[in-house]
Amino acid sequence: MARRGVADTPLARLARQRGGLRTAHFALGWSGDPLADTPQLGQAVPKRWLRRAVDRNALRRVAREAWRARGAAGPLPASVALLKLLHAAPEWPTLGAAARKRAWRAELDALFRRWG
């Protein structure tokens with residue numbers, strides 16, 4: 001039974017759980033049928049860890065690129081996945097945008113490789 005005012009969607013249920021796989025900065029949780037037509041990726045990038053909206057949006061774009069690349073490599077092991085940013089690295093604000101995106105992409109690629 002869902003609490004009043006709280007959606008009971010697959011992504012909302014995943015948001016209330018701990019991530020199944022973790023890296024230094026990200027957690028990935030998933031559920032659902034692996035044979036679904038279009039797998040969904042939800043993302044939780046809190047303002048607490050990336051203050052500027054441009055940085056949060058850049059991380060979301062990089063995560064979508066890594067997700068699509070993983071999907072092109074073979075079938076995804078679930079129909080719904082939620083990627084959470086657990087905390088930011090202290091060096092991220094000092095890096096340039098391109099270096100920050102490379103660091104994010106490398107970590108996300110490693111996470112998605114471990115996943116499936």
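**Figure 1. The largest nonpolar core of the predicted model.** Among the 24 residues of this core, F26, L59, L83, W104, L108 and W115 touch the most other members. A nonpolar core is a set of buried Ala, Val, Leu, Ile, Met, Phe, Trp, Tyr and Cys residues joined through side-chain atoms within 4.5 Å; buried means under 20% relative accessible area (1.4 Å probe, protein chains only). Two or more residues come from each of β2 (26–31), α2 (53–73), β4 (80–85) and α3, with α2 giving the largest share, six residues. Helices (H or I, at least four residues) and strands (E, at least two) are DSSP runs, numbered from the N terminus. This is a predicted model, in which local features need pLDDT of at least 70, side-chain atom pairs count only at pLDDT 80 or more, and totals for chains, interfaces and linings use all residues. Residues are numbered from 1 along each chain as its sequence is written, and side-chain values use heavy atoms, with hydrogens and water left out.

**Figure 2. Surroundings of L83.** Apart from neighbours within four places in sequence, L83 is in contact (heavy atoms within 4.5 Å) with residues including F26, L41, A63, L108 and L111.

**Figure 3. E107 in helix α3.** E107 lies in α3, which covers residues 97–115. The E107 side chain reaches the backbone nitrogen of A24 at 3.3 Å. Beyond four places in sequence, E107 touches T23, A24, H25 and F26.

Technical notes
A polar contact is a pair of N or O atoms within 3.5 Å; within protein, one must be able to donate a hydrogen and the other to accept it, and residues adjacent in sequence count only if both atoms are side-chain atoms. Buried means under 20% relative accessible area, exposed over 50%, partly exposed in between (1.4 Å probe, protein chains only).
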